[in-house]
Amino acid sequence: MSKFGVMVMGPAGAGKSTFCASLITHLQLNRRSAFYINLDPAAESFEHTPDLDIKDLISLEDVMEEMKLGPNGGLIYCFEFLMENLDFLTEALDSLTEEYLIIIDMPGQIELYTHIPILPTLVRFLTQPGALDIRLCAAYLLEGTFVVDRAKFFAGTLSAMSAMILLEVPHINILSKMDLVKGQIKKKELKRFITPDASLLEDDPADIARRKAGLEVVPQNSNPKDKDAVMSGATFKRLNEAVAGLIETFSMVSYLKLDCTDEESVQSVLSYIDDCIQYHEAQEPRELPEEEYDE
Ligand SMILES: Nc1nc2c(ncn2[C@@H]2O[C@H](COP(=O)(O)OP(=O)(O)OP(=O)(O)O)[C@@H](O)[C@H]2O)c(=O)[nH]1
Ligand SMILES: [Mg+2]
């Protein structure tokens, strides 16, 4: 029996847990079953109580105290511990039927998605045919407000691309918190961010504002200790152009827009997830309860 799931990933504060909560509320309203897994050992409060919580296996606080590690090192230790105790996941997930959408809420430490091999191993374990065999989709969230700063936007897009390459599962990228962007940027302009290319750097508002304020691009050999000079210098500009060019060449990243305060927006993202994992194709036709059938 197949299982279906989505792994919600992205940098700190991108809106992962809020998206998970909106998704669960939406599924419940549509009489679908969700199984919510929290894999963030630092997460404390939840809108929906997790059905499985990594904190029941290991506590980040204890790890930091006993192993004398900081929060990031502690998190990596927690994940290594999880990898040694995968029964924790198997026991909880084994009996789930294909009706469930398994929602995995991940921590925001960016190193998890870029260069540490733990996540690919975890994903391989979850999707392994003949074992848990979850048809898994990765949903990578990037804060939508980054569109007003091209450098941040391209850096975030590069991290999304890195996660796509690292994990070998269907992947969707999401610009979150779009309600905060409404009014700040024209609809037509926003479309350009959906499939990003290097031309976005040509009319960077941050760059234009700097020029207007008389802060011309600082020469390449400006003092690197001067933070403002580095962030607006010619080297920084060239770096951004190189990153944007790389993203354009690979042409892998396109975004869906998400506003968690809007039910339709959550439904639209859910439809993409369902399509990616072919959720509906696997469902048995369900009979309506008699009273609803009469209606
Ligand atoms: N306006 C608005 N705020 C949002 C939205 N989604 C999340 N937020 C806010 O953004 C902040 C961070 O949201 P979280 O859901 O905790 O983000 P996260 O990615 O889970 O954060 P970490 O787990 O700490 O990495 C909170 O204050 C949320 O209320 C959204 O769609 N619109
Ligand atoms: Mg969270």
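The model is predicted. The domain assignment divides the protein into domain 1, made of residues 3–196 + 253–294, and domain 2, made of residues 197–251. Within the model, helix H1 and helix H12 come within 10 Å of each other, as judged by their axes.

**The two domains**

- The C-alpha centres of domain 1 and domain 2 are 32 Å apart.
- Contact between the domains involves 13 residues of domain 1 and eleven residues of domain 2.
- On the side of domain 1 that touches domain 2, helix H7 (residues 150–166) gives the most, with seven residues.
- That side of domain 1 comprises eight nonpolar, two polar and three charged residues.

**Helices H1 and H12**

- Helix H1 covers residues 16–29 and helix H12 covers residues 263–277; their axes cross at roughly 90°.
- Angles of 65 to 115 degrees count as roughly perpendicular, and H1 and H12 are therefore roughly perpendicular to each other.
- H1 contributes Ser-22, Leu-23 and His-26 to the contact, while H12 contributes Glu-263, Val-266, Gln-267 and Leu-270.
- By class, the residues of this contact between H1 and H12 are three nonpolar, three polar and one charged.

**The annotated region**

- UniProt, in an unreviewed entry, lists residues 2–152 as "domain: AAA+ ATPase".
- In the model, the span of residues 2–152 is 40% helix and 21% strand.
- The end C-alpha atoms of residues 2–152 lie 39 Å apart.

Methods
Residues numbered from 1 in each chain as written. Chains lettered and ligands numbered in written order. Predicted model: local features only at pLDDT ≥ 70, side-chain atom pairs only at ≥ 80, totals over all residues. Axes fitted to C-alpha atoms, helices over the stretch in contact; angles between N-to-C directions. Helix = DSSP H or I, 4+ residues; strand = E, 2+ residues; numbered from the N terminus. Parallel < 35°, antiparallel > 145°, perpendicular 65-115°, else oblique. Contact = placed C-beta atoms within 7 Å. Nonpolar A, V, L, I, M, F, W, Y, C, P; charged D, E, K, R; others polar. Domains from an automatic or database assignment. UniProt positions renumbered as here; feature names shortened; annotations may be inferred.
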